[in-house]
Amino acid sequence: MAETSDGSSTSSGNEACRIDSALSAEEEDDIKAKLSEGESALRKIRCRLTGALGAAGIACFLLCQVTRALYFEWKTSKWDKGHNLNMPLREIAIFLQGLLLGLAHVFLGMAPLMDDRFLTRCMLVTQAVMLPVFAYEDLRFLIWHIEGISSHVCEYFGNAEPYSFCLHEMWMVYSGVKVLSAAIGSIALLIVTAIYPSQPDRMQQHMWMVLAVCFASVLVVQCYAIISFAAAGRFDFECFRLPGLLLSLLMAASPGARERAQVWLRGKIASQGALAAAAGVAGLLGGCSGEEVLAQASSRFRYISLEHLTFEDMADNRPSPSGADLSESHLGYCDAFISHSWSDDATLKWAALQTWRAKFLAEHGREPRVWIDKICINQNDIATDLRCLPVFLKACNRLVVLCGATYFSRLWCILELFTFVHIGGHPNNIDFSPLLRRTTEHEEHLAEFQKRLRHFDVGKCQCSDANDKQKILSIIHVAYGGIHAFTAAVHEILRPKLLF
């Protein structure tokens, strides 16, 4: 897709942009079936992944609460009788509390897909409630230790000790930081929910930031407690919370760790491959039904006979001086969808396009009809054309890739390539035209292109419009769980093309 410098339409006045043939009823049914398949796949991923993670998060939360309640009652009864606690049971109870607490936050945080506004808001509110609930026991301990300081007596395992020998001050700091962290984190999560009510990706991003800060502050004070106990010649059994705390911090602070976990879970719960690809196509529809998108595409689809395209049209993405609005028409059949990067050399693109045109003329005896962004897209309504992209590509028999130095660094280009294959186009119908200068270094340039094909990473791709990039990345995350899984899927498409 092309972006103009001033945001205006780049429509051209070529009369060859009229459509003289409409899709047959069978072809329209095929498009509807593909889009419906994508919608079904997306629903399956939502139900399986979100349902499983949400249920696991709630189960961990309840188990943690039960474990804490039983442990507290058991500990209190032991202290009341003046008995020491059974150490293995104490270690196991504390370890389970820390682990279940961490898993509850992680599972619930990962449950909403990146485009799910309602569920994301629900999960942020749930996290905001969970933080103070988990800190309730720490608040009780904080009050208890304040009272201990005022009485100058410390009860430690049922034995009264003078205040000067006990660790009330350390426990005050430990419990106080956990309570304060939970309170601030809860308020911050509610503020995030209010600031970004319609941006689930931003809400999730800030949610993980808030949780990471909360977990990091607790980790610091936990280390302080361990050191304080060691200095007093005692062992801090609260250190058995560290594994769960470290797990929580790792997942909250590392998008890569969350992505790998998402991909692994999808492999177990919602299989990858065709299901994820179909969901990716459905993600482009922006919540609209297949019939709605097909109706929109029918009034927006255009093509141009390639003989009317000029070098000036390919030189840059600014509006054509002779531009005029294209007449409306029904969705029709097109020979090729031209996929290219505006950052690549215009002369090389023009030469490659004319080479492909000459080959087409020789085979079919007529000019090819092509869809090309500058001429055929409405730059004033990119969002709608994003929804229509699967239909535009399905209406084209071939995908012509003008593959220059920057092609595999442009997110729109990769999305066009991916969507063409998974909306029903065969990889054999992709014509790669490497933009190479005919010099003595031709073989070196070809080898460099093959290297780019092998090693490109979707995560490094760019987009001229930051909003477009965020939208596309959101679609990728919803369908595949992360960039790396999507990159692997694109590599599968490119592998047959490595030798051009």
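I began with Leu96, which is partly exposed because its relative accessible area is 35%. The model I am reading is predicted. Leu96 belongs to helix H2, residues 87-110.

Next entry: helix H3. I noted residues 117-134 for H3, 18 residues in total. From its first C-alpha to its last, H3 reaches 26 Å, close to the 26 Å expected at 1.5 Å a residue. At the start of H3, I found a side-chain oxygen of Asp116 within 3.5 Å of the backbone nitrogen of Phe118. I also listed the buried residues of H3: Leu119, Thr120, Met123, Leu124, Gln127, Ala128, Met130, Leu131 and Phe134. For reading such a list I kept in mind that an α-helix has 3.6 residues a turn, so residues three or four places apart point the same way.

Salt bridges came next, and I counted 5. One of them joins Asp115 to Arg46, with the closest N and O atoms 2.6 Å apart. Asp115 sits in the loop between H2 and H3 and Arg46 in helix H1 (residues 25-80), so this pair ties together parts that are 69 residues apart in sequence. I checked cover for both: Asp115 is partly exposed at 32% relative accessibility, and Arg46 is partly exposed at 24%.

I then turned to Arg366 and Asp335, a salt bridge whose closest N and O atoms are 2.9 Å apart. This pair links distant parts of the chain, 31 residues apart: Arg366 is in the loop between helix H12 (346-364) and strand S5 (369-371), while Asp335 is in strand S4 (residues 334-340). Is Asp335 buried or exposed? I have Asp335 down as buried, because its relative accessible area is 5%. Arg366 is partly exposed at 34% relative accessibility. I also recorded a network of salt bridges that links Asp335, Arg366 and Arg369.

A further salt bridge I looked up is that of Asp431 with Arg398, where the closest N and O atoms are 2.8 Å apart. Here too the pair links distant parts of the chain, with Asp431 in strand S7 (residues 430-434) and Arg398 in strand S6 (residues 396-403), 33 residues apart. Asp431 counts as buried because its relative accessible area is 18%, under the 20% cut-off.

Last, the cysteines. I counted 0 disulfides. Cys239 is buried at 16% relative accessibility, and Cys376 is buried at 3%.

Note on methods:
Residues numbered from 1 in each chain as written. Predicted model: local features only at pLDDT ≥ 70, side-chain atom pairs only at ≥ 80, totals over all residues. Heavy atoms only, no water. Disulfide = S-S within 2.5 Å. Buried < 20%, exposed > 50% of the residue type's maximum accessible area, 1.4 Å probe, protein only. Helix = DSSP H or I, 4+ residues; strand = E, 2+ residues; numbered from the N terminus. Expected span 1.5 Å × (residues − 1). Polar contact = N/O pair within 3.5 Å; in protein donor to acceptor, adjacent residues only side chain to side chain. Salt bridge = Lys/Arg side-chain N within 4 Å of Asp/Glu carboxyl O.
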